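Thanks for coming. I have one model to go through today, so please have a look at the sequence and the structure first.

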Amino acid sequence: MAKIKSRKSAFNKDIVIITDAVGLEPRQLKSIDNTFNTYFIIPKAEHENNISIDSVFMHQTLDDFYEIGVELSAFGEKNNEIPVALYNQNKLIAKTLTKLDTSKKTIYFTIPKKDFNGYASINDNGLKYDNTLYFSISKPEKKQCN
């Protein structure tokens, strides 16, 4: 707003603000000059359905394997089947098809108990940035006692 005010003009200024309005507080709107014609545009999402990977966690440690959980969240329409894949350094380790009939669901995978540097991945038609979650597991080193 300071830059807009600094440019003098003989004409009325039309200000168009495009925002998602997240975190916008009424006190912030007080800085808008009343002499400007100010228009707010709050776009609506084209698609309200989205599935995301919330977390990957170690569920259980077995003798030779780790059981890891991949927690998914569904927003909007439920009962979608989606593929969930697990990769270790870009090599596909496991893949399953799961039906999200609730807003949260956890899928479990069993992987060998060794170093793992990879990611969990889903394919959905919603937002793309929350479809991959990277994680690493280092095989614990045995401590030597003196």
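The chain has 2 helices and 9 strands, where helices (H or I, at least four residues) and strands (E, at least two) are DSSP runs numbered from the N terminus. Along the sequence the pattern reads α-β-α-β-β-β-β-β-β-β-β. This is a predicted model, in which local features need pLDDT of at least 70 and side-chain atom pairs count only at pLDDT 80 or more, while totals for chains, interfaces and linings use all residues. Residues are numbered from 1 along each chain as its sequence is written, and side-chain values use heavy atoms, with hydrogens and water left out.

Some totals next. Of the 146 residues in the chain, 27% are buried; buried means under 20% relative accessible area, exposed over 50%, and partly exposed in between, with a 1.4 Å probe and protein chains only. The chain exposes about 11,000 Å², and carbon and sulfur atoms supply 49% of that; the areas come from the Shrake-Rupley method with a 1.4 Å probe, and for residues only the protein chains shown count as cover. Taking contacts (heavy atoms within 4.5 Å) between residues at least 6 apart in sequence, 53% join residues at least 24 apart.

Now the sheet. Three strands form an open sheet in the order β3-β4-β7, paired antiparallel; two strands pair if DSSP finds at least two bridges between them. β3 (50-61) and β7 (104-112) are at the edges with a single partner strand each, so one side of each has no neighbour in the sheet. On average, neighbouring strands here are turned by 25 degrees against each other, direction ignored; the axes are lines fitted to C-alpha atoms, for helices over the stretch in contact, and angles run from 0 to 180 degrees between N-to-C directions. Strand β4 (residues 65-75) is joined to β7 by 9 bridges, and L72 stands opposite K105 in β7.

Next, the loop between β5 (80-88) and β6 (91-100), which holds Q89. N90 is in that loop between β5 and β6 too. Most residues other than glycine have a negative phi. Q89, not a glycine, has a positive phi of about 50 degrees, and phi of N90 is near 65 degrees. Are these residues buried or exposed? Q89 is exposed at 59% relative accessible area, and N90 is exposed at 63%.

Last, P83 in strand β5. P83 is partly exposed, at 22%. Its C-alpha atom is 4.4 Å from that of L97, 14 residues apart along the chain. Leaving out residues up to four places away in sequence, P83 touches K95, T96, L97, S121, I122 and N123.
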